[in-house]
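Here is a briefing on selected local features of one model. Please read it alongside the sequence and the 3D view.

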Amino acid sequence: MSPQKDRISLRGSERTLPEEARLLGPADPNERIRVTVFLRRRSAPGAFPSVEFAGAQPARERKHLSRAEFAAAHGADPDDLAKIRDFAAVHNLAVAEERPGRRSVVLTGTVAAFSEAFQVELKRYDHPKGAFRGRVGALQIPAELASVIEGVFGLDNRPQAEPHFRRRAESTGPIEPHAAGEAQTFTTPQLATLYQFPTGADGAGQCIAILELGGGYQDSDLNAYFSQLGLQKPEVLAVGVDDAGNQPGSGADTEVALDIEVAGAVAPGAKIAVYFAPNTDQGFLDALTTAVHDTANNPSVVSISWGSAESKWSQQAMAAFSSACQDAATVGVTITVASGDNGSSDGVDDGQPHVDFPASSPYVLGCGGTELFASGNQIAEEDVWNDQPGGGATGGGVSVVFQLPSWQQSANVPPAPNGQPGRGVPDVAGDAAPETGYQIVVNGQTGAVGGTSAVAPLWAGLLAQLNQLAGKPIGFLNPLLYGQLPTDVLNDITNGNNGGYSAGTNWDPCTGLGSPNGPQLVAAVQSQPQPQARAATAKPPGAPSNP
C-alpha cells in the first residue's frame with residue numbers, strides 16, 4: 001500500500017475552524033496521540049435488521065440481538081481490521097486496540113506520523129472554550145480503504161458539545177403571574193407522580209448509562225440527595241473512556257449531578273453507569289460505543305444531555321454517531337437525548353433555525369422542554385418552555401442533515417430550512433423550565449436546575465421502569481410512539497413557542513408528541529402494533545443528506 005498514491009478524500013471529513021479560534025502555531029510533531037478509526041459493518045445493508053420494523057412492535061414481541069450476536073453478524077469484518085493494521089504499519093502507527101463489536105480501531109503514534117498518514121496539517125489554536133489541536137479541510141485516505149473507513153476521530157480535539165442545563169438563578173427576573181398559580185420547583189418523585197409514572201416499578205434489573213463529557217460527582221452529594229428523598233441510593237459507578245474519569249471540580253458537575261439524581265430518583269433500583277469521556281467528537285463517539293456494547297454492565301438505556309448545533313459537527317461525526325445509535329437499537333438499547341436550551345436557533349447567530357445533534361439522529365428519542373404548573377398531584381397546565389429573550393428555551397426544529405424518517409411521515413413535519421423534508425426534533429418532552437425545575441444536590445448545596453438536560457434522564461428512568469415491567473429491553477421506541485397517533489399516549493402540549501416554531505396539536509417542533517402520560521404509555525408499549533406510516537423512499541432515515 002503506497003503512502004502517497006491513489007489517495008481520495010474521506011467522505012464527510014471536512015472541517016472548518018470554529019469562530020474565535022486564534023492560531024498559535026504548528027502542533028508538536030513529536031506529541032503522541034490516539035485516534036479512533038470507525039469502520040463499516042461486516043454485513044450487507046440489506047442484511048441489517050430493520051430497526052423501524054422492530055421499533056413498531058409491542059414490547060413482548062420484540063426480538064433483539066445479543067451484543068455477541070451483533071458483533072459476530074454486524075461488527076467489523078476481520079479483513080477490514082487487517083487492512084487497517086497494514087495501513088498503520090506502512091505509516092509508522094501502532095494498533096493499540098481493536099474493537100470489532102464497536103466497529104473501531106484505536107491507532108497510536110506521533111502527530112508527524114498521523115499528519116503524513118492522512119495528509120493533514122495539524123495546528124494549535126486558542127479559543128475561549130479552551131486551546132485545541134485542529135485541522136481544516138478533508139482527510140486523505142488510500143482509495144482501497146474508501147468503503148472500509150467511515151470516520152477518523154482524534155486528530156482534531158476541539159471541544160465538541162455543551163451541557164444542556166440551566167440554573168434557576170439564570171432566569172430573567174420573577175416569573176409572570178400565571179392563571180395556574182405560582183411557579184414552583186419540584187423533586188423528581190413529585191414530577192414522576194404528576195406524570196403518573198408506574199408506581200410498581202423501580203428499574204430493578206436495569207442499567208442506565210449516562211454519558212458525560214466533563215465534571216464529576218461526589219458520593220456525599222448523592223448520599224444527601226437520596227436521603228432527603230427517603231430513597232435508597234442506587235448503585236452508581238464511574239466508567240472511564242479515553243483516559244477521562246470522574247473528576248468533580250468544574251461547572252459540568254451540575255450536569256453530572258442532575259443526570260444521576262433525576263434518573264436515580266425515578267429508577268432507584270437500577271444500576272447507573274456514568275461513562276466519562278473527553279469533550280471531543282472522538283470522546284463522545286467512544287463513550288457511546290463503550291456504553292452500548294458494554295457486556296459487563298449491559299445498559300438498556302443511554303441518557304445524553306450534551307450536544308451542539310448540527311452546523312458545528314463534521315458530516316463524518318454525525319454519520320458515525322447516528323450509525324452507532326442504529327446499532328444500539330438492534331441490541332435493545334434506548335437512547336434519550338436532550339434537544340438543547342437555546343430555542344429554535346440552537347445558539348447559532350445566523351438568523352436561521354437549527355437543531356441540536358445528537359438529538360437529531362433518527363435513532364434516538366429527542367427530548368424537548370416544557371414549563372409545568374401543578375395543582376396538588378395533578379398537572380394544572382403545561383406549556384412550551386421559553387424564557388427568551390435573555391433566558392433559555394427548548395430546542396427543536398427540522399434537521400438539514402437527516403432525512404424524514406418513515407415513522408414521521410404522518411406527523412406533519414414542516415420542511416427543513418433548506419426546503420427539504422427532514423427529521424423533526426424533538427420526539428417527546430418534559431418539565432425543563434428553571435422556574436419549575438428539579439431540586440438537586442451538587443457540591444453540598446441544594447438548588448433548582450432546569451434545561452432539557454433534565455428531560456433526557458427523566459425519560460431514561462421511565463424507560464428503565466418500562467423495561468422492568470416488560471421483562472425485557474424495549475429498545476427503539478419512536479416508531480411505536482408515532483404509530484399510536486392520534487391517540488393520547490402522551491400529554492399533548494399546544495401552547496407556546498421556541499422562537500421559530502409554535503406548539504400545536506399532535507407533533508410539533510417544540511415538544512414533539514408531548515410529555516409523559518404514564519398509564520397510556522405503559523398501555524401503548526404493551527398493546528398490539530398500530531398500522532405503519534407509509535414507507536420512506538430513497539435513503540434510510542439514518543443516512544445523512546447533503547445540507
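**Helix α9**

Helix α9 (residues 315–330) has 16 residues, which at 1.5 Å a residue should span 22 Å; its end C-alpha atoms are 23 Å apart, so the two agree. The expected span is 1.5 Å times one less than the number of residues. This is a predicted model: local features need pLDDT of at least 70, side-chain atom pairs count only at pLDDT 80 or more, and totals for chains, interfaces and linings use all residues. Residues are numbered from 1 along each chain as its sequence is written, and side-chain values use heavy atoms, with hydrogens and water left out.

- Of the 16 residues of α9, 14 are buried, so the helix is largely enclosed by the rest of the structure. Buried means under 20% relative accessible area (1.4 Å probe, protein chains only).
- G332 follows α9 and has a positive phi, near 85 degrees.
- Helices (H or I, at least four residues) and strands (E, at least two) are DSSP runs, numbered from the N terminus.

**Strand β15 and its partners**

- β15 pairs with strand β12 (residues 207–212) in the parallel sense, over 4 bridges. Pairing requires that DSSP finds at least two bridges between two strands.
- I210 has S303 of β15 as its bridge partner.
- β15 also runs parallel to strand β17 (residues 334–338), joined to it by 4 bridges. Here V302 is bridged to I335 of β17.
- V301 and S303 point one way from β15, while V302 and I304 point the other way; all are buried. In a regular strand the side chains alternate between the two faces of the sheet.

- H293 sits in the loop between α8 (281–292) and β15 (301–304).
- H293 counts as buried because its relative accessibility is 15%.
- A polar atom of the H293 side chain lies 3.5 Å from the backbone oxygen of G101.
- Beyond its neighbours within four places in sequence, H293 is in contact (heavy atoms within 4.5 Å) with R67, F70, G101 and R102.

**The three-stranded sheet**

- An open sheet of 3 strands has the order β11-β25-β24, with antiparallel pairing.
- β11 (166–167) and β24 (438–442) stand at the edges with a single partner strand each, so one side of each has no neighbour in the sheet.
- β24 and β25 (residues 445–450) pair over 5 bridges, antiparallel. Y438 has V449 of β25 as its bridge partner.
- Helix α6 (residues 219–229) packs on the sheet and touches β24 and β25; its direction makes about 145 degrees with that of β24.
- Helix α7 (residues 253–266) lies across β11, β24 and β25, at about 120 degrees to β24. Axes are lines fitted to C-alpha atoms, for helices over the stretch in contact, and angles run from 0 to 180 degrees between N-to-C directions.

Key. Buried means under 20% relative accessible area, exposed over 50%, partly exposed in between (1.4 Å probe, protein chains only). A polar contact is a pair of N or O atoms within 3.5 Å; within protein, one must be able to donate a hydrogen and the other to accept it, and residues adjacent in sequence count only if both atoms are side-chain atoms.
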